[in-house]
Amino acid sequence: MLHQTWVAKRIAQSLAAELLGGVWNRRGLLRRARGLLGGKAAKAQSRLVSEVLAASTSPYPPSPEQLAEILLGSENFEAASASAAKAWINLPVIPKPPLFAPTPRFAGLDIPRLVTVGDLATWLEITPAQLDWFADERRQQVRAVEPALQHYTYAFVAKSAGPPRLVEAPKARLKAMQRRVLRDILDKVPVHPCAYGFVAGRSCIDAAAIHAGEAAVIAADLKEFFPSTPMRRVHGLLRSLGYPHAIARALTGLCATATPEGVFLRLPVDQRHDWFTRRLYRTPHLAQGAPTSPALANLAAFGLDARLAGLADAVGARYTRFADDLAFSGEDDLARRSDAFLAVVEAIARDEGYRLNVRKSRIMRRGGCQRLTGIVVNSHANVPRAEFDALKAILHNCRRNGPTAENRAGHSDFRAHLDGRVGWVEQVNPTRGQRLREMYAAIAWPGA
């Protein structure tokens with residue numbers, strides 16, 4: 001019998017690889033089978049595909065080895081592959097199966113060992129066809145007009161200056177998958193020691209405290225940090241974690257999006273973004289609103305952090321990054337050479353795929369207010385005096401006049417609002433925070 005020979009095994013292995021190379025449905029399987037085996041035995045090939053689908057009780061494709069066994073066990077295999085058997089030497093070379101192979105830096109991470117797209121679909125509890133849809137393999141999202149066909153919802157948030165910020169929030173099913181990727185994969189990967197934003201156990205207070213008491217502090221800002229994160233670096237990171245190309249590509253697609261042009265047309269003409277920004281959002285990028293974006297942006301910026309930390313070390317300075325806020329501090333010489341220093345910072349950022357917002361760069365000397373991420377760092381991490389005095393006055397007036405009269409901004413939960421502001425001061429300056437907490441506790445709240 002043909003299926004008992006070496007040639008039959010070779011054909012079965014080649015056909016299994018071909019069948020697994022696309023969407024797992026009858027139409028796709030039949031098209032790929034005829035492409036490999038020829039079209040002279042169309043009925044037998046159709047019956048063979050039916051047997052394959054019937055034998056695959058799981059909604060996910062079988063492994064290459066399992067599929068080859070299914071093919072060899074089919075009574076239709078010999079007739080379906082008769083033409084290929086005569087020209088078996090021309091069959092495509094069977095590639096080696098993909099491997100989970102992390103680089104030495106990531107070899108010990110406790111992350112899922114996913115080898116095939118079927119493995120990834122199974123892990124996410126969806127079908128391969130659904131994975132293809134959510135990962136936007138066909139790049140359809142940028143052309144999607146109907147909200148029902150879009151994976152994200154879009155909202156604009158006003159900024160103090162310039163066009164509003166676009167927040168792209170994934171819909172429920174995609175968000176659940178992204179959260180799983182974040183929890184089981186990305187949270188296991190260490191970030192650079194100088195990265196403080198979106199990192200468990202690190203805060204903006206910790207980042208600011210590193211620069212406290214220095215003669216000069218330089219602050220710089222990265223433009224459009226999430227959407228500017230190079231997706232090639234995201235894909236490269238996932239490959240370094242050990243995932244084969246197809247898995248890394250699918251995971252990158254799940255965590256990225258391309259914004260339909262119509263989203264920006266919702267804005268009045270005088271509030272629209274420039275052409276460069278719109279083009280940036282039309283290409284695959286990390287969405288501000290996706291749970292995976294902060295972690296991926298941090299990990300993709302490892303090279304940027306390493307180079308900027310090396311630059312700072314070379315001139316006797318310190319460096320931290322809190323999301324898109326870059327901070328350097330050192331002696332007076334750093335301020336004297338600040339223009340040249342920032343030019344090098346800008347060149348490194350550009351080389352890493354980012355842009356520096358030069359208009360937001362600040363050089364702060366010891367004689368003036370040195371402020372990073374809303375925290376004063378002249379001698380130690382502290383809240384700005386004006387902010388402390390304003391909150392103290394509000395608490396005093398709440399105790400004297402009642403909180404309702406002081407809620408001039410119309411906060412829906414003024415009590416929680418004040419509690420949060422006092423809590424922030426407690427974190428930055430516990431002594432001052434304790435004084436405010438005592439004032440807060442003395443307020444008579446309606447209905448309490």
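The model is predicted, so local features need pLDDT of at least 70 and side-chain atom pairs count only at pLDDT 80 or more, while totals for chains, interfaces and linings use all residues. Residues are numbered from 1 along each chain as its sequence is written, and side-chain values use heavy atoms, with hydrogens and water left out.

**The second largest pocket**

- The second largest pocket has a volume of about 890 Å³.
- A pocket is an open set of points on a 1 Å grid over the protein atoms alone, where a 1.4 Å probe fits, with protein on both sides within 12 Å along at least five of seven lines; lining residues have an atom within 4 Å of a point.
- Volume here is the space filled by probe spheres set on the points, which are joined across faces, edges and corners.
- Of its 27 lining residues, K159, R165, E224, N357 and K360 are the closest to the centre.
- At least two lining residues come from each of β2 (165–170), α11 (225–228) and α15 (275–282), and α11 gives the largest share, three residues.
- Helices (H or I, at least four residues) and strands (E, at least two) are DSSP runs, numbered from the N terminus.

**Helices α3 and α4**

- Helix α3 (residues 42–55) packs against helix α4 (residues 64–72) at an angle of about 130°, with axes 10 Å apart.
- Axes are lines fitted to C-alpha atoms, for helices over the stretch in contact, and angles run from 0 to 180 degrees between N-to-C directions.
- The two helices, α3 and α4, are therefore oblique to each other: angles under 35 degrees count as roughly parallel, over 145 as roughly antiparallel, 65 to 115 as roughly perpendicular and the rest as oblique.
- In the contact (heavy atoms within 4.5 Å), L48, V52 and A55 of α3 meet L67, I70 and L71 of α4.
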